[in-house]
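Let us walk through this model together, one part at a time. Please keep the sequence and the 3D view open as you read.

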Amino acid sequence: MLKGKCVLVGITGGIAAYKICELIRMYKKNGANVKVVCTPNAMNFVTKLTLQNLSQNEVYVQEFDVKDWKPEHISLADEADIMVIAPATANTISKIAQGIADNLLTSIACAFSKKMIIAPAMNCNMWNNPTIQENLRILESRGIECLPPDSGFLACGYLGKGRLCSIEKIYNETVEALRYSQKLAGKKVVITSGGTIEDIDPVRYISNYSSGKMGFALANVAKDMGAEVVLITTKPFEAPYKIVKVKSALDMQNAVEDEFETSDLVIMAAAVADYRVKNQSEQKMKKGVNDILTLELVQNPDILKGLCEKKTHQLVVGFCAESENLLENAKEKIAKKGCDYLIANDISRNDIGFSSDDNEVTILEKSGKIEKLEKASKKVIARKILEYIYE
Ligand code: PMT
């Protein structure tokens, strides 16, 4: 499964380092060329000889152990298809997040521009430390994938979250990431996310429960698949691709139309308000004497329908949020909007749809073909949607 791929394994100084011997064996057994780089502290937990025998390659620890004209932190970064740091200690996570390159491993991480996966392992109080959590958010916002630790008995005697996740999980995520890595290379993918905000006055607005997670997951996966990604969103996401921050449906329409001509795929995962307030008040509205206040609303443009009417080479994908008769309504909607695919989800359930980390969707094709994707994390659903569309 990993034939022809070079996996760069980074090991830092934690007790879970011994488990990585098994991970290296799994990579090797499945055909990968494995290069290992350790921090000096990792050497307190595993020996160079063990790692060398398992990887069948030289093991790198010292930054200035120069053998070639090209510095090792550059050549190892160039050669690898993916970098997997496991276990990743609080110290190494924080250094990478802040751009500190004070040993060979952190220098490589600083120079590494391809897919990186980190599997943290540490004491539960260290894991819960707000600085560590903030640094993890920084890494994730730069496209580095974090496999959260498991809960259980920790080597330090505590019971809590901090155990390295299973070796099988790290292995499977590596295989998945490499499988998808270049599938969308050369494609420009535009994705919308979040609920639009329609002002009533400077204080109040009309919006909906969309967290933007579904669109964000699609954008991250598209990026991992090698696409040039533009995320048009109402939410304050950070990521290593272009993000256009918008507020109202009209803002979103302008932003999408600016990107449309040069795009190959547009996915409208945003929950766009169908109506906006007709006369937005510039000043805060005062409480009147009447019990009832009537707001007059006007219809917003249908962004998705507009794109479908003027599309040339682009694939246009809509979402469909329904609280009843999902399939019937979705069939009607794909015909009405004219998009190539429509992804229908049930937003009456708490465990999927709005705000949840999971989703369960049905893909409808223009041709009438229908495919159900069982409940899974939004990231897995995003992968399956993009894979379905392109395969
Ligand atoms: O953001 P999350 O919390 O992760 O939740 C994800 C989600 C539930 C918001 C997402 O999965 C989803 O269903 N998005 C579409 C929500 C929606 O507005 O559905 P709709 O059935 O009302 O609209 C159909 C399609 O038309 C959508 O692609 C929508 O973006 C688009 N639309 C709608 C109105 C409008 N004026 N212009 C549009 O382009």
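In which loop is Q56 found? Q56 belongs to the loop between α2 (48-55) and β3 (59-60); helices (H or I, at least four residues) and strands (E, at least two) are DSSP runs, numbered from the N terminus. The phi angle of Q56 is near 55°, which is a positive value in a residue other than glycine. Q56 counts as exposed because its relative accessibility is 60%; here buried means under 20% relative accessible area, exposed over 50%, and partly exposed in between (1.4 Å probe, protein chains only).

Before going further, a word on where the values come from. The model is predicted, so local features need pLDDT of at least 70 and side-chain atom pairs count only at pLDDT 80 or more, while totals for chains, interfaces and linings use all residues. Residues are numbered from 1 along each chain as its sequence is written, and side-chain values use heavy atoms, with hydrogens and water left out.

Now step back to the whole chain. Its secondary structure comes to 13 helices and 20 strands, and the C-alpha trace spans about 80 × 50 × 40 Å along its principal axes. Of the 391 residues, 50% count as buried.

N325 is partly exposed because its relative accessible area is 43%. Another backbone feature to look up is the peptide bond from A86 to P87, which is cis, with omega near -10°. P87 itself is found in strand β4 (residues 82-88). Most residues other than glycine have a negative phi, and most peptide bonds are trans.

The elements that give two or more residues to the shell around the ligand are α9 (213-224), α11 (303-310), β17 (315-322) and α12 (326-337). Of these, β17 gives the most, with four residues.

In total, 29 residues surround the ligand, and the closest are S210, S211, K333, N345 and S355; a residue is near a molecule if one of its heavy atoms lies within 4 Å of it. By type, the shell divides into 15 nonpolar, eight polar and six charged residues, where Ala, Val, Leu, Ile, Met, Phe, Trp, Tyr, Cys and Pro count as nonpolar, Asp, Glu, Lys and Arg as charged, and the others, Gly among them, as polar.

An N or O atom in the side chain of S210 is 2.6 Å from an oxygen atom of the ligand. In the side chain of K378, an N or O atom is 2.7 Å from an oxygen atom of the ligand. P301 takes part through its backbone, where an N or O atom lies 3.0 Å from a nitrogen atom of the ligand. On its own the ligand has 770 Å² of accessible area, and the protein covers 96% of this; such areas come from the Shrake-Rupley method with a 1.4 Å probe.

Next, look at E360 in strand β19 (residues 358-365). E360 counts as buried because its relative accessibility is 16%. Its side chain makes a polar contact of 3.4 Å with the side chain of R349 and another, of 3.3 Å, with the side chain of K372. A polar contact is a pair of N or O atoms within 3.5 Å; within protein, one must be able to donate a hydrogen and the other to accept it, and residues adjacent in sequence count only if both atoms are side-chain atoms.

To finish, visit two helices. R383 is placed in helix α13 (residues 378-390) and is buried, with a relative accessible area of 7%. R383 and E176 are 207 residues apart in sequence, yet 9.7 Å apart in space, C-alpha to C-alpha. A177 lies in helix α8 (residues 167-180) and, at 9% relative accessibility, counts as buried.
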